[in-house]
Amino acid sequence: MSLSHAQLGIPPDYGQRCGLTLCPEPEELVDTELDFYQRPQKLVAAALRSWTLMRATATGDGISLFLISAYRSVEYQHKLIAAKLEKGELIEQVLRVNAAPGFSEHHLGRALDLGTLGCDALVVEFENTDAFQWLMENSATYDFYLSYPRNHASGIAYEPWHWCFQQG
Ligand SMILES: [Zn+2]
């Protein structure tokens with residue numbers, strides 16, 4: 001099966017228009033702990049090491065942090081978007097919350113969607129939690145950065161739960 005942007009109605013100048021760069025899948029991924037829903041997840045080894053350290057420090061500070069999602073393939077992203085279109089969403093709406101296949105940081109095996117106890121998954125209210133405050137103060141120590149702050153130039157909606165490992 002070929003997976004093209006045209007099939008999804010994504011304009012050819014999408015990357016340019018959003019200022020997003022292609023996110024290639026890594027050659028090697030390692031297994032993480034199970035996520036909050038007891039599903040297996042994968043990351044590149046360096047990102048997993050840093051996430052494991054960061055989570056342990058947070059736990060020591062009395063902050064709960066857990067994985068909701070990590071690596072996702074280009075194929076998975078394509079299917080996710082295709083399923084939303086099938087349910088009647090418009091591609092313009094979908095691209096506000098999901099990067100086009102090939103452009104999601106989750107393809108890199110370096111991005112984490114994080115959750116904390118007492119807060120629903122993947123909601124803007126995550127920004128009001130102690131976990132978010134802790135991340136804002138400590139994540140850079142572990143080379144994790146908030147990828148989509150408010151009013152990000154890409155047009156992707158604010159995602160306080162989405163953190164990407166960027167070394168150096
Ligand atoms: Zn994410």
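Trainee: How much space lies in the largest pocket?

Mentor: Rolling a probe the size of a water molecule over the atoms shows where empty space is left. A pocket is an open set of points on a 1 Å grid over the protein atoms alone, where a 1.4 Å probe fits and protein lies on both sides within 12 Å along at least five of seven lines; lining residues have an atom within 4 Å of a point. Points are joined across faces, edges and corners, and a volume is the space filled by probe spheres set on them. Here the largest pocket holds about 460 Å³. This is a predicted model, in which local features need pLDDT of at least 70 and side-chain atom pairs pLDDT 80 or more, while totals for chains, interfaces and linings use all residues. Residues are numbered from 1 along each chain as its sequence is written, and side-chain values use heavy atoms, without hydrogens and water.

Trainee: Which residues lie nearest the centre of the largest pocket?

Mentor: R72, L80, N98, D113 and L122, out of 24 lining residues. Helices (H or I, at least four residues) and strands (E, at least two) are DSSP runs, numbered from the N terminus. α4 (74–86) gives the largest share of this lining, four residues, and β3 also supplies at least two. By class the lining has twelve nonpolar, seven polar and five charged residues, where Ala, Val, Leu, Ile, Met, Phe, Trp, Tyr, Cys and Pro count as nonpolar, Asp, Glu, Lys and Arg as charged, and the others, Gly among them, as polar.

Trainee: What is the volume of the second largest pocket?

Mentor: About 190 Å³. Its lining includes Y14, R17, E92 and R96. Two or more lining residues come from each of α2 (14–18) and α5 (91–97), and α5 has the largest share, with four.

Trainee: Which residues coordinate the zinc ion?

Mentor: Donors are N, O and S atoms within 2.8 Å of the metal (3.2 Å for Na, K and Ca); water is not among the atoms, so sites may look incomplete. The zinc ion is coordinated by H106 through NE2, D113 through OD and H162 through ND1, at 2.0 Å. Their spacing in sequence is H-x6-D-x48-H. D113 also lies among the residues nearest the centre of the largest pocket.

Trainee: Is H106 buried or exposed, and where is its place?

Mentor: Buried means under 20% relative accessible area, exposed over 50%, and partly exposed in between, with a 1.4 Å probe and protein chains only. H106 counts as buried because its relative accessibility is 3%. H106 sits in the loop between α5 and β4. A polar atom of its side chain lies 2.7 Å from the backbone oxygen of A70, a polar contact (N or O atoms within 3.5 Å, one able to donate a hydrogen and the other to accept it; residues adjacent in sequence count only if both atoms are side-chain atoms).
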